[in-house]
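Please keep the sequence and the model open while you read.

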Amino acid sequence: MAEMGSKGVTAGKIASNVQKKLTRAQEKVLQKLGKADETKDEQFEQCVQNFNKQLTEGTRLQKDLRTYLASVKAMHEASKKLNECLQEVYEPDWPGRDEANKIAENNDLLWMDYHQKLVDQALLTMDTYLGQFPDIKSRIAKRGRKLVDYDSARHHYESLQTAKKKDEAKIAKAEEELIKAQKVFEEMNVDLQEELPSLWNSRVGFYVNTFQSIAGLEENFHKEMSKLNQNLNDVLVSLEKQHGSNTFTVKAQPRKKSKLFSRLRRKKNSDNAPAKGNKSPSPPDGSPAATPEIRVNHEPEPAGGATPGATLPKSPSQSSLPAVVVETFPATVNGTVEGSSGAGRLDLPPGFMFKVQAQHDYTATDTDELQLKAGDVVLVIPFQNPEEQDEGWLMGVKESDWNQHKELEKCRGVFPENFTERVP
């Protein structure tokens, strides 16, 4: 009997739920068709919009925070591998071996501590913050269903009251159901009306705390890591001093034209080949005609000379070759700044473009190369023939040689650009 009673209760509850769903569906259809009015609460709807926005932002923040933690873990592994490599190559008789090993251990511990604190103070807080949203979202949905039940009960009661033939018993029952539906709805509505604005306002403090924690942890991590890196640098400086004769020398980029350069040169030679009997003259040594895109004002010459203020045409080979890019520096010819009319003469080589300073020693390996010492200042000039320029190499004359000899032919030479740095 008890079992049958239990089954009966369950069946009755299922039937009741099915009836509620049907009633709600009918009510929603009538409301959409405009045949039944719908209870509206614009203030609550705004709260729901804010809730959905807050949930979306929080979910994105949680995802990005997890990505950040994964990156920290990946950096930890990479740093660990790098330090393991250093420990393996650091030979037992080298000074500072124990210190280097200790630094590697502390480095590993520092990464582990940083990751764990991010999890404890940021990720877990993030999870707790988002943990309250599913329940509230469920209650918002339930509140919506109870509102439909309330509207349905209200419409049913109103229809019975306006019927021509009134049934007082049915009206009384409908009124009772309306009061019950209204009470259930209002209880849920009042709770959410208080809770949603409070949850929305809490986002400010949560974001502040979260990002302050991340920023503080990252700041402390980098401070401690900086100390370890300085200690490691001191160990390596000590090793370098003991083995100073075995210092590694930075090598220049090999003077070998790229395949692209070779193809361009072959194409240009084919496109620009002069007709038979019309040999194209080459500009004299140091002539500004070999300088890319530099306009030159010549002094007046006797009859048969160049016209004053004439602009030299750009060499046809300069349009597609990887030549030195000339920036906006004053163009000079024979030490004269363009446009100065001889009033602002500078003691610089013809076609001077800019200065560089050697950052490393460079030993010349060919007769046309410059021998450089760290600190040497070089005056960069254009190649007479841009096709002779190798990728990664510049033409110039050491400032000290130019000031002493003033002879471009004897002083100029090529040098690797990556051994130097531009100076004002």
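The side chains of Arg139 and Glu195 form a salt bridge, with 2.7 Å from N to O. A salt bridge here is a side-chain nitrogen of Lys or Arg within 4 Å of a carboxyl oxygen of Asp or Glu. Arg139 belongs to helix α4 (residues 133-161) and Glu195 to helix α5 (residues 168-242), so the pair ties together parts that are 56 residues apart in sequence. Helices (H or I, at least four residues) and strands (E, at least two) are DSSP runs, numbered from the N terminus.

Arg139 is partly exposed at a relative accessible area of 22%, and Glu195 is partly exposed at 29%. For these words, buried means under 20% relative accessible area, exposed means over 50%, and partly exposed lies in between (1.4 Å probe, protein chains only).

## About the model

This is a predicted model, in which local features need pLDDT of at least 70 and side-chain atom pairs count only at pLDDT 80 or more, while totals for chains, interfaces and linings use all residues. Residues are numbered from 1 along each chain as its sequence is written, and side-chain values use heavy atoms, with hydrogens and water left out.

## Other salt bridges

How many salt bridges does the rule give? The count comes to 13 salt bridges. One of them joins the side chains of Arg154 and Glu158 at 3.7 Å, N to O. Both residues lie in helix α4, 4 residues apart, about one turn of the helix. Arg154 counts as buried at 13% relative accessibility, whereas Glu158 is partly exposed at 35%.

Lys355 and Glu399 also meet through their side chains in a salt bridge, at 3.0 Å from N to O. Lys355 sits in strand β3 (residues 354-358) and Glu399 in helix α7 (residues 399-405), so this pair ties together parts that are 44 residues apart in sequence. Both ends are partly exposed, with relative accessible areas of 24% for Lys355 and 23% for Glu399.

## The sheet around β3

Now to the strand that holds Lys355. The covered face of β3 carries Phe354, Val356 and Ala358, and the uncovered one Lys355 and Gln357. On one hand, β3 runs antiparallel to strand β4 (residues 377-381), joined by 4 bridges; Lys355 has Leu379 as its bridge partner there, and Gln357 has Val377. On the other, β3 pairs with strand β7 (residues 420-423) in the antiparallel sense over 4 bridges, with Ala358 opposite Thr420. Two strands pair if DSSP finds at least two bridges between them.

Which order do the strands take? The open sheet has 5 strands in the order β6-β5-β4-β3-β7, with antiparallel pairing. Its edge strands are β6 (413-416) and β7, each pairing on one side only. Neighbouring strands of this sheet are turned by 50 degrees against each other on average, direction ignored.

## A helix pair

The axes of helix α2 (residues 42-89) and helix α3 (residues 97-131) come within 10 Å and cross at roughly 170 degrees. Axes are lines fitted to C-alpha atoms, for helices over the stretch in contact, and angles run from 0 to 180 degrees between N-to-C directions. The two helices, α2 and α3, are therefore roughly antiparallel to each other, a label for angles over 145 degrees.

The residues of the α2 contact with α3 divide into 18 nonpolar, 11 polar and 6 charged. In this scheme Ala, Val, Leu, Ile, Met, Phe, Trp, Tyr, Cys and Pro count as nonpolar, Asp, Glu, Lys and Arg as charged, and the others, Gly among them, as polar.

How values were computed. Parallel < 35°, antiparallel > 145°, perpendicular 65-115°, else oblique.
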